Amino acid sequence: MNNGCFIYNDTFVHLLNLIYYLIQNHLKPENIKNTLYSPNLLDHVIVLKIEEDSEIIAKIITSMGSFTFRSIYYVFLSSADNKELIIYYLLLNGVKYKEKVLYHRNLKCVEKTINISRYVLHEVHKYKGFLRFKELENHILYAEIEPENDILSMVSHHFQRRLKNEYWIIKDVKRKILSIYDKKKYFFVLEENFSFETTKLSQKEIEIEELWKTFYKTIGILERKNDRCRMNFMPKKYWKYMLEMEEFL
Amino acid sequence: MNLKEKLKILADSAKYDASCSSSGSTRKTRGGLGNVAFSGICHSFASDGRCISLLKILMTNCCIFDCKYCLNRKSNNIKRAVFTPEEVCQITMNFYRRNYIEGLFLSSGIIKSPDYTMELLIKTISLLRKKYHFGGYIHAKAIPGASEKLLKDLGLLVDRLSANVELPTLNGLKLLAPNKSENHVSKIMQYVNINQSKKYVPAGQSTQMIIGATKESDLEIMGKSANLYNDYKLKRVFYSAYISVNKDSLLPVLESPPLKRENRLYQADWLLRFYHFKVNDLLDVKNPNFNILIDPKADWALLHLNEFPKEISKCSYYDLLKIPGIGVKSAKRILSSRRFFKISFDDLKKMGVVLKRAKYFITCNGKYFMNHDYFQKEFIEKNLVLEEKTSLNKVHEQLRFFNE
């Protein structure tokens with residue numbers, strides 16, 4: 001059964017269970033993929049019957065520390081190729097090096113885990129700032145984002161605390177998923193299962209957007225104009241959903 | 001005058017204040033709208049590349065003072081406007097709900113008297129906190145000369161309170177800001193420092209100095225900063241390159257703001273706060289100004305070449321911090337990793353060390369990056385200057401400071 005491409009059922013917990021099974025049985029995967037994977041001719045696809053047991057989380061945290069666990073989770077949220085394999089190799093080394101595993105920066109899987117998790121957190125942080133809500137007719141706040149990594153849950157977590165007394169909806173345009181907050185908790189719905197009107201804005205919306213654009217234009221100091229610097233901190237890919245940048249696109 | 005026009009005037013008058021940070025507060029909020037993020041969040045970047053995190057406005061740009069460098073001075077013939085407290089609250093709440101901003105930065109020109117102005121700020125912010133239950137970040141400017149009672153009231157409402165030193169020496173202040181007294185500003189700083197707590201100005205205080213409007217040297221500026229950090233535990237000193245907004249015989253005529261100098265001061269400021277440097281290490285009476293061609297740390301290293309090259313696998317944390325191209329984070333990474341494996345030049349790169357600068361000053365497991373004969377001041381200096389020049393176009397003048 002060695003050298004196969006193992007399939008997990010798309011959840012993080014199941015992936016961890018599968019990897020632990022592989023490690024315990026000394027199976028070396030050639031690849032690990034989710035169910036959306038379309039195998040090529042040379043792949044030897046293996047689907048194991050493995051239970052999804054969330055005990056595994058506590059187990060990893062106890063042996064490798066919560067920082068390592070969080071890093072692994074961020075890798076899972078990323079859009080990196082072969083992220084499952086990176087997690088496999090990290091956990092494999094984690095068995096050996098325990099909570100010190102991330103200090104072994106000369107290992108390829110450690111380097112990748114650190115870089116990818118940093119990249120994911122960076123994107124979350126950017127969206128905490130760059131996300132823009134519009135107020136719809138019914139006073140619901142609505143925002144669209146297009147993140148590279150699957151960070152809708154992390155972004156939602158932030159706005160749950162910040163805008164706790166508001167109804168809001170955030171849409172991940174790329175993944176076609178909505179995060180809906182009902183003043184108590186947020187939950188995820190596929191776009192196709194939830195239709196609502198996003199074009200009818202609240203009465204004062206245009207006026208407030210105008211105020212913001214005015215502020216944005218005024219606050220920059222002409223004598224210090226620096227497009228390159230702005231672009232470094234706020235890359236163009238974010239501009240599409242930022243009303244103050246629309247006219248610069 | 002409509003609200004849009006007012007906002008334009010009062011944001012325009014506020015934009016020269018360099019402070020933008022929204023970090024460092026741990027204030028807890030219950031109910032209401034908004035919270036603070038300890039790391040601070042930038043919500044946009046302006047055309048000058050500076051971060052926008054707060055709605056930065058003045059309550060009014062009317063002023064009874066006549067500070068020479070200031071756009072809002074009494075003798076300038078410009079459009080004046082005054083916000084009502086309700087207007088400030090409306091804009092803040094509407095912007096915050098839509099996630100345009102992290103909070104409010106409220107300053108003001110001085111109308112009638114310092115106390116009157118300060119009361120206006122308190123009234124506005126208190127309305128925002130109590131009627132609108134705003135839980136986001138607020139940075140207010142304390143008005144020099146206002147009473148201690150008002151300083152106390154305002155500090156309980158905001159995350160950060162600050163007063164601007166503006167000019168590093170008394171002479172400069174007398175020359176350009178005859179109505180301002182240094183005494184007033186240091187009184188504010190002292191009061192805030194003594195009373196600072198989780199409830200009173202939880203994010204601490206900061207200040208700003210204008211660079212290049214008067215003749216002070218970098219040594220005098222850094223000396224002033226060091227004193228401020230020591231005496232009042234300031235969180236930040238901001239440096240703002242002077243921009244000629246007014247014509248006055250007492251003011252210099254500058255073609256463009258001294259941005260490179262401002263950059264060097266920020267770099268040196270960092271060295272003071274996080275790298276255990278002292279002002280005297282970097283500057284002295286013979287060399288009172290920073291080298292414009294090379295950054296202060298590399299400049300220092302070139303003058304102390306006898307302490308280099310340092311061995312990465314052995315030298316202490318403090319020694320690591322002295323190496324150009326190595327920052328606080330990469331130094332810590334080196335420390336935590338070198339117990340487990342032999343660090344190579346390649347590994348250093350992965351840890352975030354800027355190798356193209358650091359390589360001249362280090363050895364890895366006894367090895368220099370090239371023939372050891374090249375370890376000479378002239379050679380290194382030439383390469384560092386060259387490197388800075390080529391990256392000058394890439395590097396931004398204004399650094400954004402993420403961590404406080």
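A salt bridge here is a side-chain nitrogen of Lys or Arg within 4 Å of a carboxyl oxygen of Asp or Glu. To see one of them, pick Glu111(A) and Lys350(B), whose side chains meet in a salt bridge at 3.6 Å, N to O.

Before you click further, a word on what is on screen. This is a predicted model, where local features need pLDDT of at least 70 and side-chain atom pairs count only at pLDDT 80 or more, while totals for chains, interfaces and linings use all residues. Residues are numbered from 1 along each chain as its sequence is written, chains are lettered from A and ligands numbered from 1 in the order in which they are written, and side-chain values use heavy atoms, with hydrogens and water left out.

**Stop 1: the A–B interface**

Keep both chains selected. The count of residue pairs in polar contact between chain A and chain B is 22, both residues being at pLDDT 80 or more. A polar contact is a pair of N or O atoms within 3.5 Å; within protein, one must be able to donate a hydrogen and the other to accept it, and residues adjacent in sequence count only if both atoms are side-chain atoms.

Now colour the helices of chain A. Helix H5 (108-130), helix H6 (152-162), helix H7 (205-219) and helix H8 (227-233) of chain A are the elements that give two or more residues to the side touching chain B. Helices (H or I, at least four residues) and strands (E, at least two) are DSSP runs, numbered from the N terminus. Which helix gives the most to that side of chain A? Select H7(A): with 11 residues, H7(A) gives the most.

Colour that side by residue class and you get 20 nonpolar, 12 polar and 22 charged residues. The classes work like this: Ala, Val, Leu, Ile, Met, Phe, Trp, Tyr, Cys and Pro count as nonpolar, Asp, Glu, Lys and Arg as charged, and the others, Gly among them, as polar.

Altogether, 54 residues of chain A are in contact with 63 residues of chain B, where contact means heavy atoms within 4.5 Å. About 5,400 Å² is buried between the chains, and carbon and sulfur atoms give 58% of that. Buried area is the accessible area (1.4 Å probe) that two parts lose on being put together, summed over both.

**Stop 2: Ala241(B)**

Select Ala241(B), in strand S8 (residues 236-241) of chain B. Is Ala241(B) buried or exposed? Ala241(B) counts as buried because its relative accessibility is 3%; buried means under 20% relative accessible area, exposed over 50%, partly exposed in between (1.4 Å probe, protein chains only). Leaving out residues up to four places away in sequence, Ala241(B) touches Arg224(A) as well as Ile211(B), Pro257(B), Pro258(B), Leu259(B) and Glu262(B).

**Stop 3: the two domains of chain B**

Next, hide chain A. Chain B is assigned domain 1 (3-282) and domain 2 (296-392), with bounds from an automatic or database domain assignment. Their centres, taken over C-alpha atoms, are separated by 37 Å. Each domain brings 11 residues to the contact.

The two domains of chain B bury about 970 Å² between them, 67% of it on carbon and sulfur atoms. Select Tyr275(B), His276(B) and Phe277(B): in domain 1 they lose the most area to domain 2, together 51% of what that side buries. Then show Glu388(B) and Arg264(B), whose side chains form a salt bridge at 2.7 Å, N to O.

**Stop 4: the two domains of chain A**

On the domain 1 side, helix H3 (66-77) and H5 of chain A each supply at least two residues.

**Last stop: Asp172(A)**

Finish in strand S6 (residues 168-172) of chain A by selecting Asp172(A). Asp172(A) is buried, with a relative accessible area of 1%. Its side chain reaches the backbone nitrogen of Lys174(A) at 3.1 Å. Show Ile145(A), Pro147(A), Leu152(A) and Ile177(A) too: Asp172(A) touches them, not counting residues up to four places away in sequence.
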